[in-house]
Amino acid sequence: MEGLAPIDEWAIAAIIAKAAGYGAALLAMGGPLFLAAFPEAPTDVRRLARKIAIVAALIGLAILAVRFGIRAGRISGMGLQGAFDPMMLGFVWDSPLGTAAVWHSVGTALVFTAMFDSIAGLVAGLVGAAMIGVSYTSVGHALGDPRWLLASLLTLHLLAAAFWVGALAPLRHAAKDAGGAALLHRFGQIASVTVALLILVGATFAWLMTGSLVALFTTAYGWTLLMKLIIVTGLMIIAAFNKWRLVPALARGAPSAAIHLRRSIYFEAIAVLLILMATAALASITTPPVNL
Amino acid sequence: MRQTLFAALALAAMATGVWAHSKAEQTTPANDATMEKVEVIELRFDAPMRVTAITMTGPAGDVAVARETGMDPVTEFRAMPPADLPHGAYTVDWRGLSADGHPMQGTFGFTVAD
């Protein structure tokens, strides 16, 4: 299989840290998006969305620091000691990851302002969410050509994903009665647009990275991408089932609809976790076929 | 699905793939070459690479190599092995940071013999 980097314990650690970082970033970005999209959501649901965004944003910063250490350790060849080596850390800071860290940190600070229940706070939070998204365009495969197209596609992809991922826990919390069903129904309406966008821009990005259908089956990048797509398909099936079966059942007041819906959203979250792992592997240990 | 992912990761861990982002990487001595004398260790990259670590091991363990190239990103990296390397098999390992921020690594081997 072509285009697979050597995998040692540092690479595994990097993949796990990267996946956790993606999760934290999407949750932090998703908070302001949820608050903006659902002003009518009950106070406790909005409070939960805020709380998750703040905690995720803080965890995201911690993970960023850990990723700096892991990268310094990897390039130093000295193991754990290298993770704290000032010179190696300086090289990482000078690399695109340093640029990404600046965008990510400023974006995080702005997401914190979404904590305040005001229009200005929310607008700043949305700008912060976009900045965290943009931070990912300064590293890795998005740096290829055409640069601006790749960067725009990736930012849109992340914002659309964040809207979905950030809404999972608040929606699960709201899924208890017919009142919650209205919120879930509205989410389903918006998501039918944002998920289509998510997939369209993701597929375009993947096409620019892959360049041919054959490469899907002959490269490590292709196989990892296929694995991601299989899990995405599973997630779509769960989401469609929620939208067309469980949410209407909840609205009708069908018995145990709430339990089924909450469990179903839990499975969505697990699928998201697997997708993040596949994406982190894609971004860490594989080379896009167009670069081979 | 989780098992599938782990199985794939385990499979990937066993595979010996090419190094990402350094397809055009060439070395002096060439990989698997047999040389009478090695005067310089060279790594050539298709894009600037900051080589952050380089180690060489020989029949008697670690061999110190003197870097001629500094820590700046380069497309051609040079380091000097000690003069008169004893006969035997040698392996060079390097680590680096590519221009797009990816941590990179590579290894190659050569033999010193008459």
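Q: A residue is buried if 20 or more other C-beta atoms lie within 10 Å of its own, exposed if 12 or fewer, and partly exposed in between, with C-beta atoms placed from the backbone; which of these describes E42(B)?
A: This is a predicted model: local features need pLDDT of at least 70, side-chain atom pairs count only at pLDDT 80 or more, and totals for chains, interfaces and linings use all residues. Residues are numbered from 1 along each chain as its sequence is written, and chains are lettered from A and ligands numbered from 1 in the order in which they are written. Around E42(B) there are 14 other C-beta atoms within 10 Å, so E42(B) is partly exposed.

Q: Where in chain B does E42(B) sit?
A: Helices (H or I, at least four residues) and strands (E, at least two) are DSSP runs, numbered from the N terminus. The strand that holds E42(B) covers residues 41–58 of chain B. E42(B) therefore belongs to one of these runs, and its name is β3.

Q: Which residues beyond four places away in sequence does E42(B) touch?
A: Two residues are in contact if their C-beta atoms lie within 7 Å. T28(B) is 14 residues from E42(B) along the chain, with 4.8 Å between their C-alpha atoms. T28(B) is also among the residues that E42(B) touches. Leaving out those up to four places away in sequence, E42(B) touches T27(B), T28(B), E76(B), F77(B) and R78(B).

Q: Is D32(B) buried or exposed?
A: D32(B) is found in the loop between β1 and β2 of chain B. Its phi is positive, near 70°, although D32(B) is a residue other than glycine. With 9 other C-beta atoms within 10 Å, D32(B) is exposed.

Q: How many helices does chain A have?
A: Turning to chain A, its pattern along the sequence reads α-α-α-α-α-α-α-α-α-α. Chain A has zero strands, and its number of helices is ten.

Q: What share of the residues in chain A is buried?
A: The C-alpha trace of chain A spans about 60 × 45 × 35 Å along its principal axes. Among contacts between residues at least 6 apart in sequence, 73% join residues at least 24 apart. Of the 292 residues in chain A, the buried share is 52%.

Q: How many residues of α1(A) are buried?
A: Helix α1 of chain A runs over residues 9–37 and has 29 residues. From first C-alpha to last, α1(A) reaches 41 Å, close to the expected 42 Å; the expected span is 1.5 Å times one less than the number of residues. The helix is largely enclosed by the rest of the structure, because the number of its 29 residues that are buried is 23.

Q: Against which helices do the buried residues of α5(A) pack?
A: The end C-alpha atoms of α5(A) are 24 Å apart, which agrees with the 24 Å that its 17 residues should span. The buried residues of this helix include G125(A), G128(A), A129(A) and I132(A). The helices of chain A against which the buried residues of α5(A) pack are α1, α4 (96–113) and α6.

Q: What is the separation between the C-alpha atoms of D177(A) and G253(A)?
A: D177(A) is found in the loop between α6 and α7 (178–210) of chain A. It is partly exposed, with 13 other C-beta atoms within 10 Å. D177(A) and G253(A) are 76 residues apart along the chain, and their C-alpha atoms are separated by 7.1 Å.

Q: Is S256(A) buried or exposed?
A: S256(A) lies in the loop between α9 (220–252) and α10 (257–285) of chain A. Its phi is positive, about 60°, although S256(A) is not a glycine. Because 10 C-beta neighbours lie inside 10 Å, S256(A) counts as exposed.
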